[in-house]
Amino acid sequence: MLTRKQYELLMFIHERLKETGVPPSFDEMKDALDLRSKSGIHRLITALEERGFIRRLPNRARAMEVVKLPDSIAPGLGAPRPRGSFSPEVIEGSLGKPKPAPAPVVAEPASATEIPVMGRIAAGVPIEAIQSHSHSITVPAELLGKGEHYALEVRGDSMIEAGILDGDTVLIRKSDSADSGDIVVALVDDEEATLKRLRKKGASIALEAANPAYETRIFGPGRVRVQGKLVALFRQY
């Protein structure tokens with residue numbers, strides 16, 4: 001069984017991975033659980049790892065996966081009852097009652113879509129522009145929203161603190177615009193493609209790495225074109 005905070009953190013990590021494919025940062029976890037310091041998050045993650053609910057991947061920043069979800073949390077941690085209220089619990093026996101036939105279980109086929117992999121993208125020093133369609137991957141339909149999508153294979157380590165590693169496959173939604181802070185596929189001078197976090201600085205665009213070994217690059221108007229926004233990533237072990 002888990003404490004309330006352990007349960008809340010586990011579900012927050014699980015939902016973030018399900019939505020974006022990228023685990024939350026320690027700051028995001030701290031804010032979500034309304035804790036004052038990241039040391040509390042460290043203790044909760046260690047407890048979840050010791051109980052076998054999550055696994056941290058060695059030598060990879062912010063890389064973790066949810067191994068299992070709990071059947072229950074510690075007694076007394078459900079929704080609180082209003083003070084002064086009394087709600088009797090009645091346990092009905094089955095003596096003399098016919099047992100109902102079990103309902104048939106029908107497995108519904110999961111919906112999936114073939115997405116083209118359009119070559120490699122640099123998460124490091126920009127490489128040549130995106131290549132042509134090389135192969136396809138099957139993506140669960142729930143990861144896809146409106147619009148067109150494509151996938152790219154990541155090369156480089158500049159986005160490791162965002163949970164994006166060399167060898168990952170990223171799912172991209174086609175878009176020619178993005179908000180400041182989005183992780184995007186950026187085409188620089190119509191020649192180089194790179195995967196970076198976009199920051200708007202007046203009329204200029206900054207492409208920001210998630211690795212202190214790489215400098216933020218700032219470009220003047222018209223030099224950077226957004227080719228799409230990160231939706232999810234896939235990793236093979």
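The largest pocket of this predicted model has a volume of about 530 Å³. A pocket is here an open set of points on a 1 Å grid over the protein atoms alone, where a 1.4 Å probe fits, with protein on both sides within 12 Å along at least five of seven lines; the volume is the space filled by probe spheres set on the points, which are joined across faces, edges and corners. Its lining, meaning residues with an atom within 4 Å of a point, comprises 21 residues, of which Gly181, Asp182, Ile183, Arg197 and Leu230 lie nearest the centre. The elements that contribute two or more residues to this lining are α1 (4-20), β9 (192-201) and β12 (224-234). Because domain 1 (4-66) and domain 2 (112-234) both give residues to the lining, the largest pocket lies between them; the domain bounds come from an automatic or database assignment.

Residues are numbered from 1 along each chain as its sequence is written. Local features need pLDDT of at least 70 and side-chain atom pairs pLDDT 80 or more, while totals for chains, interfaces and linings use all residues, and side-chain values use heavy atoms, without hydrogens and water.

The chain contains three helices and 12 strands, taken as DSSP runs of H or I with at least four residues and of E with at least two, numbered from the N terminus. Of its 237 residues, 35% are buried, that is, under 20% relative accessible area with a 1.4 Å probe and protein chains only; exposed means over 50%, and partly exposed lies in between.

Asp34, in the loop between α2 (26-32) and α3 (38-50), has a positive phi of about 60° and is exposed because its relative accessibility is 67%. Asp189, in the loop between β8 and β9, has a positive phi of about 55° and is partly exposed, at 35%.
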